[in-house]
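Hello,

Here is the structure I promised to pass on to you. Have a look at it first, and then read my notes below.

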Amino acid sequence: MIVRLYHVSIKSNYYYEELAKENIERKEYIKPVRGEITDVHGNLLAMNQIGFSISVRPHLKSDSENLKAVGEILSETFPDLNTTVLYKVYKKQSSPYNHKFIKVVDFIPYADMMGAYAKLSLNPDIKIEAETKRYYPYGRYVAHLIGYTGRSNQKENKADEVVDVVGKVGKSGLERYYNKVLQGELGYVINKVTATNRAIQVLEKVPPKDNKNLVLNIDIDLQQMIYEEFAKMKETGVAIVMSVTGEIIAAVSYPAYDPNLFVGGISTKDWRALQEDLAHPFTNKITHGTYPPGSTIKMGMALAFDKAHPGILESTEYCKGYITIGNSKHKFRCWKHYGHGTVALRQAIRESCDVYFYNKSLKVGIDAMAKNLRSFGLGIKTGVDLPREYNGVIPDKAWKMRRFKQPWYKGETVISAIGQGYDSVTPLQVARYTALVATGKLVTPRVAKEVDGNITKPVIKPIRFNPVSITEIRKGMYDVCNSRKGTAYKAMHNLPVVAAGKTGTSQVTSIPQSAVKRLKESELAYFHRSHAWITTYAPFRDPQYVVTVLVEHGGHGGSTSGPMAAKIYKWLYAHNYFKKKPTSEERSKLEEEMKAPSSVPVHTTATHEKPKKVKHKKQAPKEMDLF
């Protein structure tokens, strides 16, 4: 009896106190205004349209006169409203346990509501509240960076109190990555209410913390220019412009979608159209597209060889157009049918000799190659401030055993050495690694410049390279863009700044051994054509920006992606992104310097035999030696 008396009179007192308080006090949350997103010049990329939402009093029976009257007055006022959907939404949320007004219309534009506000607000069964709706003025131009907001689901509501109250959340892009910042914090007001739930006194009011904005490094004018160039080319692909310290100035994944379609809930028709489009406009190719890097990997591969076996780059290789491994007659061919002859490091970069890298890779091995390439940022996430970034693959023996339960073969080593086989990377990884080659510093890319007033700081990791080797690699990249034998000379040599780079042609289908001469890319079916890469930096002497372009199934990097990169550099120069244009004297001095003999000690270790004419016969593939 005493225990029970204690429980009822003392221990339960707190519970009943709170219950009584709920009967006389009502707490209502105040939604924060979602922060805006602007480009580096202050142009609005994500903003809020002002309007109103409409809610209906709970506990109205579905067949009652009151509910029908509400439906009629709303349909008369706003003829485009679907009352069938309205009733369905109300019925779904109506419950004896729900004492809150039920939102039946998410958004009515400010101009549409103004004439009807006074009339509707007099109806006790209707509640009108200020509301905002996300709007993206530049639509598809920045869709894959900005992302979009949408209605939150049950899981998202449980995870975040603000999302639960607001009912909207960032679904992709920066809207998702910085959702916690952009959405702000809830405010609230506590009212004293009567028995009929009518507020009679404000007891406490705390304003929301809102307008937490993002300022990006993006230049929307450059972003638009690149997007329109892809549209003119009628090609799909990616272009990234990044400073060597990691600021992303532009990043286009083409084609894209209109994010405004998702704000109020996308229609089935529009969603199906996105899903069935073979160009994959919904895929963010910047961080989700994984492609064989092709020859763009060769600078990193040379550095990986040098890290694993110091001095290995001092020896030349002899290219007769192909190599064979062991007793196998299978030919691993160079892109140049008759070969390059004796090749040193700089020429191997300039003319993209495959055999040079085949031979070096067999001396180093896949495990050492993969370990070093990953340390250069390939096959791993860059850490960019965009959600769900993909890793890609830089394979080694352990990876293949885990993935396929199979051993590694020497033949797989040589094709990995030229960025084919299992190799796959994202365009952003290639841009980041290009900045590393240009400066010796591995940076973390970032789209946001300011987050709620706080400047984002660059994250930079220095990586030491053999100074002689890295110098020769950079000279080779200079030659690619400025020497007549360079694979991007035609597109890149006549720019207002001196650029250096590397092209790449990443195959998507294998070439049969029986093919004596490979078909031109233009002669292949579209989806059999190679992806066309170019990755560059400029100025050569004082690197400031990286430009990486990938055209899907574009064929050759120099002829397809090169012109796009050249246009980007011309735009950057015209808009004062570079300090000055090199004088003719400075160009001449640089050209003379580049003609000077290599400082790398060159040792000839390969047998310089001329290739013999071989009759090409169709042969069954043989198993490669284990490596």
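Among contacts in the chain between residues at least 6 apart in sequence, what percentage join residues at least 24 apart? It is 72%, where a contact means heavy atoms within 4.5 Å.

Please keep in mind that this is a predicted model, in which local features need pLDDT of at least 70, side-chain atom pairs count only at pLDDT 80 or more, and totals for chains, interfaces and linings use all residues. Residues are numbered from 1 along each chain as its sequence is written, and side-chain values use heavy atoms, with hydrogens and water left out.

The chain has 25 helices and 24 strands (DSSP runs numbered from the N terminus: helices are H or I with at least four residues, strands are E with at least two). Of its 627 residues, 50% are buried, meaning under 20% relative accessible area with a 1.4 Å probe, protein chains only.

Five strands make an open, antiparallel sheet in the order 12-11-23-22-21; two strands pair if DSSP finds at least two bridges between them. Strand 12 (248–254) and strand 21 (500–506) each have a single partner strand, so one side of each has no neighbour in the sheet. Inside the sheet, strand 22 (residues 531–538) and strand 23 (residues 545–551) are joined by seven bridges, and Ala-532 has Val-551 in strand 23 as its bridge partner. Helix 21 (residues 427–439) also packs on the sheet, where it touches strand 11, strand 12, strand 22 and strand 23.

Enjoy exploring!

Definitions and conventions:
Axes are lines fitted to C-alpha atoms, for helices over the stretch in contact, and angles run from 0 to 180 degrees between N-to-C directions.
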